Amino acid sequence: MLMRTEVERLDAEAVNSARKRGPLYAARTKIFPKRAEGSFRRFKWLVMLVTLGIYYLTPWIRWDRGPFAPDQAVLVDLAQRRFYFFFIEIWPQEFYLVAGLLIMAGLGLFLVTSTVGRAWCGYACPQTVWVDLFLAVEGLIEGDRNARIKLDQAPWSARKLALRSAKHATFLMIAVATGGAWIFYFADAPSLLMDFVTGQAAPVAYFTVAILTATTYVLGGLLREQVCTYMCPWPRIQAAMLDEHSLTVTYNDWRGEPRSRHAKKAAAAGQVVGDCVDCNACVAVCPMGIDIRDGQQMECITCALCIDACDNVMDRLGKERGLISYATLADYNSNMAIATAGGTSAIDPTRVRGKDGKLSERMAQFRLGKILRPRTFVYCGAWSLVGLALVYGLLTRDRLEINVLQDRNPQHVVLSDGAIRNGYTVKLLNKIPEPRTIVVTLEGLDGAEMFVVGLEQADRSFPVTVEPDRLKTLKVYVRQPREHVEDIAQSFRFVVEDKASHDTAHYDATFTAPEHPK
Amino acid sequence: MSEKQIDEVSGVSTTGHEWDGIKELDNPMPRWWLWTFYATVVWALAYAIAFPAWPLINSATTGLLGYSSRADVKNELAAVEAAKADYVAEIAAKSVEEILADENLRTFATAAGSATFKVNCVQCHGSGAEGGPGYPNLNDDEWLWGGDIESIRQSIAHGIRYSEDADTRVSEMPAFRDVLQPGEIQQVAAFAASLSGMNADAEMAAAGKPLFEQNCAACHGESGNGNREMGAPDLTDAIWLYGSSQAEIAAQIRSPKHGVMPAWGGRLGDVAVKELSVFVHSLGGGE
């Protein structure tokens, strides 16, 4: 049905809004989101392209690390306990770097949420991105909203079967690709792909792909908005981070109400009419199945597609865009106060417009500067501090380390000539992908010498070769002649040095002796 | 309780349970949750059929898949044995000297020997092989019967004073209470203590010297350095198996104690004995 203003009225219902929702035992009401057009939709396509691009392509980027390390740019090598990220290589004990990144991600989420609301939900969450992809596929195969509703209601026929099969087959293909891409982060991608296709890969690879295929297909292809509304804790948590200056997708009822399906007729009859023509375009495009005009609600992921839909309608009606817009609660309240004369009357949209019929200058509009407030700076500051600490940690971390464990059973041994011997398990960590010759030296402990099983000569210093990117464990015995033993516990130091790079590390150890050596 | 009550605020029916005016809402489970619950029920049933589940009088149902955790363990142990097979074969074929010279083999044998030691040897030698009065400390560099790898292997395989093994190491120090007077025993003890530089009465020690040469030097040597051929300990060093006080030395001269170590060759087999030898040799005193 077309009006004279050529706005199509859509027979859409907000099936998922709290107002309309039946008891939880009730069957799910299907949602058939209409395809939206506009700047936010274009932005979402871009985000999808970038995020999916990163996800699918990253494992295939190569990065030369020399002959002793893998050449995959991003690799989580679980078998060897190494994580490679471009020029960074992380050992398990350096996991604090990853923990720091997670803290940064958390703070970043706080920052984003407190300023631009649920942008994570609306644009970047994998659930959103994949559902968006699945909806696009569904639209390509089955057509837009009306065609899909018709197909859904139609009895089973060859055509319906063909379309549905094609759709679910494509869904499954996407799901397999999604699960498949995941495993490439954990092994050399090209060889794993060959192994995977030829059936040579490890069972865990097939198992992982199967599980991720299932979750992608079920959560993204079938459950969709149900995941966000019922399963995800994040919408509940996120609400705690919003304040009155956070941007949310808002229906500006101060200019929209009272809505009227026949605005001109009503206006001619002297009734007060708002901008909303009740065309339901905002409801039809909503992937969450809600009506944004009910106000802010937990189900809304702020994907902003209703803004696109409404803006198109406003354009056609010749009215200002932004009947639905990103707005802060503070702005909304101040505008609402104007429209209702401080809450003393019902909304009268004439109060918000000047004599020329344009929106009055008094109406609060969002400006980018409003994002800057103390909270923003606190989050930014905390985020940068963690970031700087990580960069500092990364730049100053040791590439050569020594760990020493003193034998405790027995703590010391008396030798036949009365000398005291202590045993130590010395671990040398060569954290670079090159073999190194490392010199271990004893510092302090007068007259003492080290000897190592497998090495001939006892000495105060000896060289040892450590394989690239490996840990070498040595059993080192330190022996001190009786006449030099000064105390039951003496401090000394193991010093290691790579003569080539002059990397050094040391470990402060203790040498123990019996109180009355026999 | 019987009639249905509706909570005014939420419009949801209550269970009828009330505590201090607070009523419990009767919200139904979400459907996806319910389906998940049904799925777990189906899973449980399928599991009970596919895997051993129902206890019977003497055993349990075996399940359609024929799974058994005992078979699992057996397979895993077999896999471990298979993984070790190459090393074990090499150890069986090579001499202990050759094992010691091969770094990989030495590392494997040390680890295996350490495990065997913890089961069979710690009862006497201690968990750190530190020994105790009458039980030699295996960490130090004094060896009654020799500290090279082959001598250690020989001692472990055939034992010491172990009558059931024909090749066992045998030696016995006579009880000198039948030979020497009590005073003479004290003099010999003083001389023995002076050999390793311990404080001893000089007169007594001087008097003990000729007695030592007459009675002890045959086994312990003129200068008291001992003799590994017959397991006679070195008396000049700082290590005393039965204590270093003069009273303890005198007691050992008067009526010596002799430790017995069983032969392990027959019990543990050739490979385990070789691994044990490498482990003991690695403790720091190996020659």
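Hi everyone, let's start with a sheet: chain A has an open one of three strands, in the order β1-β2-β3, with antiparallel pairing. Its edge strands are β1 (74–77) and β3 (88–90) of chain A, each of which pairs on one side only. From one strand to the next, the twist averages 10°. Please keep in mind that this is a predicted model.

Let's zoom in on one pairing in that sheet. Strand β2 (residues 82–85) of chain A runs antiparallel to β3(A), and three bridges join them. If you want a residue pair to click on, take F83(A), whose bridge partner in β3(A) is I90(A).

Further along chain A there is another pairing to look at. Strand β4 (residues 247–251) of chain A pairs with strand β5 (residues 324–328) of chain A, in the antiparallel sense and over five bridges. Here V249(A) has Y326(A) of β5(A) as its bridge partner. How many of the five residues of β4(A) are buried? Four of them are, so the strand counts as mostly covered.

Now to the helices. In chain A, helix α4 (residues 126–142) and helix α8 (residues 203–223) pack with their axes 8 Å apart, at an angle of about 75°. That angle falls in the 65 to 115 degree range, and the two helices, α4(A) and α8(A), are therefore roughly perpendicular to each other. On the α4(A) side, the contact is made by Q127(A), W130(A), V131(A) and F134(A), and α8(A) brings T216(A), L219(A), G220(A) and G221(A). Sorted by class, that contact has four nonpolar and four polar residues, and no charged ones.

Over to chain B. Its domain assignment gives domain 1 (1–67), domain 2 (72–168 + 261–282) and domain 3 (176–254). Between domain 1 and domain 2 of chain B, the C-alpha centres lie 58 Å apart.

One residue I'd like to show you is G221(B), in the loop between α9 (217–220) and α10 (246–254) of chain B. Is G221(B) buried or partly exposed? It has 15 C-beta neighbours inside 10 Å, so G221(B) counts as partly exposed. Leaving out residues up to four places away in sequence, G221(B) touches G226(B) and N227(B).

Last stop, the place where the chains meet. Here 23 residues of chain B are in contact with 20 residues of chain A. The chain B side divides into seven nonpolar, eight polar and eight charged residues.

Thanks, everyone!

Note on methods: Residues numbered from 1 in each chain as written. Chains lettered and ligands numbered in written order. Predicted model: local features only at pLDDT ≥ 70, side-chain atom pairs only at ≥ 80, totals over all residues. Axes fitted to C-alpha atoms, helices over the stretch in contact; angles between N-to-C directions. Helix = DSSP H or I, 4+ residues; strand = E, 2+ residues; numbered from the N terminus. Parallel < 35°, antiparallel > 145°, perpendicular 65-115°, else oblique. Contact = placed C-beta atoms within 7 Å. Nonpolar A, V, L, I, M, F, W, Y, C, P; charged D, E, K, R; others polar. Buried ≥ 20, exposed ≤ 12 C-beta atoms within 10 Å, placed from the backbone. Pairing = 2+ DSSP bridges. Domains from an automatic or database assignment.
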